[in-house]
Structure formats: structure tokens, C-alpha cells
Amino acid sequence: MPRIAPLLVASAAALAPPTTPSTRPALYFPGGGLYYWWQAGVVQRLQQSDHAGPVCGASAGALAATLYKCGVDMNAARDLALELSTPLLERGALGLIGRWGPVVRTWLEELLPMDASERCSDLKLLYLRRHRVYYRRKVAEEFISRADVIDACLASCHVPFVLDGRPETRYLGRGAVDGSLFLPRRERRAVVKALGSDYVRVDWKADLGRRGPAPDGFVLPSKAELRPWIDRVGRRGYAWADGLVEGWGD
């Protein structure tokens with residue numbers, strides 16, 4: 001009987017129905033400045049689905065991708081962003097320019113769970129790392145800590161001079177700048193290389209059109225219009241993602 005048991009186990013395994021491979025695609029959240037809020041609506045809908053595939057992000061899309069993988073409450077993220085930004089909003093439409101880097105860091109430190117690095121095990125963030133006098137595109141991955149995740153996010157979204165007045169930030173001991181810079185012509189190749197597969201591009205332009213409902217990705221609507229604008233754009237992102245998820249059969 002002891003010799004027969006392994007044969008019975010092997011036979012049972014052979015007769016078991018094969019596991020169905022996941023039909024959920026990898027996702028890529030590109031940059032978009034203020035249209036992060038459209039992606040936030042997408043994230044809110046995706047959190048209600050059973051998508052569990054790898055995710056890549058660049059620039060503002062790195063923030064959306066990270067909050068998604070960490071399961072952050074997107075309503076809480078919106079409310080905290082508005083609370084932290086209020087003093088800067090008093091400066092007008094350009095109030096965040098050169099000043100919002102510390103705000104973003106505080107925002108992430110408040111929102112990300114302590115096990116962020118574990119939750120982000122299949123997250124890839126694009127950034128440009130300085131090599132002597134030029135930059136090379138790199139992928140931040142295999143995060144060792146929550147702080148590492150936050151630093152990678154800030155490297156990926158560091159638009160020179162816009163984020164905190166400096167031309168670059170530091171990540172892993174080297175100068176780093178926004179991962180979406182110089183990317184359009186090389187985007188597909190870079191993202192496929194990072195993810196190791198094809199992907200769905202989570203891009204507001206596919207829904208709102210090239211210009212969208214605001215004149216610029218970095219110029220704020222008026223203070224009175226900001227919250228309604230965020231909610232309106234977020235609902236559009238949610239609806240777009242609803243169509244995506246329906247295609248998965250959720």
C-alpha cells in the first residue's frame with residue numbers, strides 16, 4: 001500500500017481540471033498632471049474588481065498605480081490632497097508649481113500602509129536616472145520598504161523645477177527625474193520591457209480627448225471649481241474603467 005499511495009495521488013492530480021490562466025491584463029498608468037484625478041476614478045472602480053495583475057506607472061500615473069496596489073481609499077486620498085493643498089491654493093492657479101513636492105511626500109506618508117512594499121511586489125515605476133551628462137530610463141521595482149516605495153514615486157513624478165523647484169531629485173543615490181519625459185516615441189517598448197507583457201493603457205486621452213476639460217495638466221482650475229472638477233473627472237474615469245471591467249466578465 002505505501003507504494004500505491006503515490007500513484008493514487010499522481011493519478012488524482014492528472015485528472016484534476018486545469019487551472020484557468022488569468023484573463024486580467026497588465027495595466028499601465030501614464031503621466032498626465034492633474035488628470036491623475038481621472039486615473040483616481042479608474043482606480044476606485046478597479047478596486048471593486050478582482051484584477052490582480054502587474055501594474056506599471058510613470059509620473060502622475062505612478063501615484064495612481066501605487067495607491068491602487070496599496071488598496072488606498074481614494075475618497076480619503078482626495079480629501080487629504082485637498083486639505084494639504086489648501087494653503088498653496090490661495091496662491092492661485094499656479095500655486096502648486098515648485099511647491100507641491102513636499103505636499104506629495106506628506107500625502108503618501110499619510111496614505112500608504114506599513115506593508116506597502118509587500119503590496120507593491122508586482123508594481124513597476126518608470127523614472128529617468130542620471131548617468132554622467134545624460135539620463136537612462138530605469139524601472140523601480142522589488143521595493144525593500146515603504147520608504148522605498150515613496151521615494152520611487154517621487155522620482156517617477158519629479159518634473160524638473162515644477163515639483164519642488166529643483167532640476168532633479170535623488171533616488172538610490174543618483175539624480176532622477178520624471179519617468180514620462182521623452183517617453184512618447186519609446187513608451188510601448190519601455191512599458192512592455194518593464195511588465196514583460198502587453199498591457200492596457202489607462203489614459204485619460206482615450207476618454208476625454210487630447211485636451212480634456214482643463215487647459216493644462218499643471219494649471220489648476222479656480223479654487224471654487226477645483227473640487228467639482230475633481231469629482232466630475234473622477235466619475236468619467238470610473239465609467240471608463242467600468243467598461244473595461246465589464247469586458248473581463250466581472
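**Figure 1. The largest cavity of the predicted model.** The largest cavity holds about 450 Å³ of space in this predicted model, in which local features need pLDDT of at least 70, side-chain atom pairs count only at pLDDT 80 or more, and totals for chains, interfaces and linings use all residues. Residues are numbered from 1 along each chain as its sequence is written, and side-chain values use heavy atoms, with hydrogens and water left out. A search of the whole structure finds one cavity of 30 Å³ or more. On a 1 Å grid over the protein atoms alone, a cavity is a set of points where a 1.4 Å probe fits but cannot get out, whereas a pocket is an open set with protein on both sides within 12 Å along at least five of seven lines; lining residues have an atom within 4 Å of a point. Grid points are joined across faces, edges and corners, and the volume is the space filled by probe spheres set on them. The lining comprises 25 residues, with Trp 37, Leu 63, Leu 96, Trp 100 and Val 104 nearest the centre of the cavity. At least two lining residues come from each of helix 2 (36-46), helix 3 (60-69), helix 4 (74-89), helix 5 (100-111) and helix 10 (223-248); helices (H or I, at least four residues) and strands (E, at least two) are DSSP runs numbered from the N terminus. The lining has 21 nonpolar, three polar and one charged residues, where Ala, Val, Leu, Ile, Met, Phe, Trp, Tyr, Cys and Pro count as nonpolar, Asp, Glu, Lys and Arg as charged, and the others, Gly among them, as polar.

**Figure 2. Helix 2 against helix 10.** The axes of these helices, helix 2 and helix 10, come within 6 Å and cross at roughly 45°; axes are lines fitted to C-alpha atoms, for helices over the stretch in contact, and angles run from 0 to 180 degrees between N-to-C directions. Helix 2 and helix 10 are therefore oblique to each other, given that angles under 35 degrees count as roughly parallel, over 145 as roughly antiparallel, 65 to 115 as roughly perpendicular and the rest as oblique. Their contact is made by 13 nonpolar, four polar and three charged residues.

**Figure 3. Helix 4 against helix 5.** The axes of helix 4 and helix 5 come within 10 Å and cross at roughly 150°, so the two helices are roughly antiparallel to each other.

**Figure 4. The second largest pocket.** This pocket contains about 390 Å³ of space. Of its 13 lining residues, Arg 136, Arg 137, Lys 138, Arg 186 and Ala 190 are the closest to its centre. Strand 3 (123-131), strand 4 (134-140) and helix 8 (187-195) each contribute at least two residues to the lining, and the largest share, five residues, belongs to strand 4. By class, the lining divides into seven nonpolar, no polar and six charged residues.

**Figure 5. The aromatic pair of Tyr 28 and Tyr 199.** The structure holds eight aromatic pairs, defined for rings of Phe, Tyr and Trp (its six-membered ring) whose centres lie within 6.5 Å; planes under 30 degrees apart count as stacked, over 60 as edge-to-face and the rest as tilted. Tyr 28 and Tyr 199 form an edge-to-face pair, at 5.8 Å centre to centre and with 80° between the planes. Tyr 28 belongs to strand 1 (residues 26-29) and Tyr 199 to strand 7 (residues 199-201), so the pair ties together parts that are 171 residues apart in sequence.
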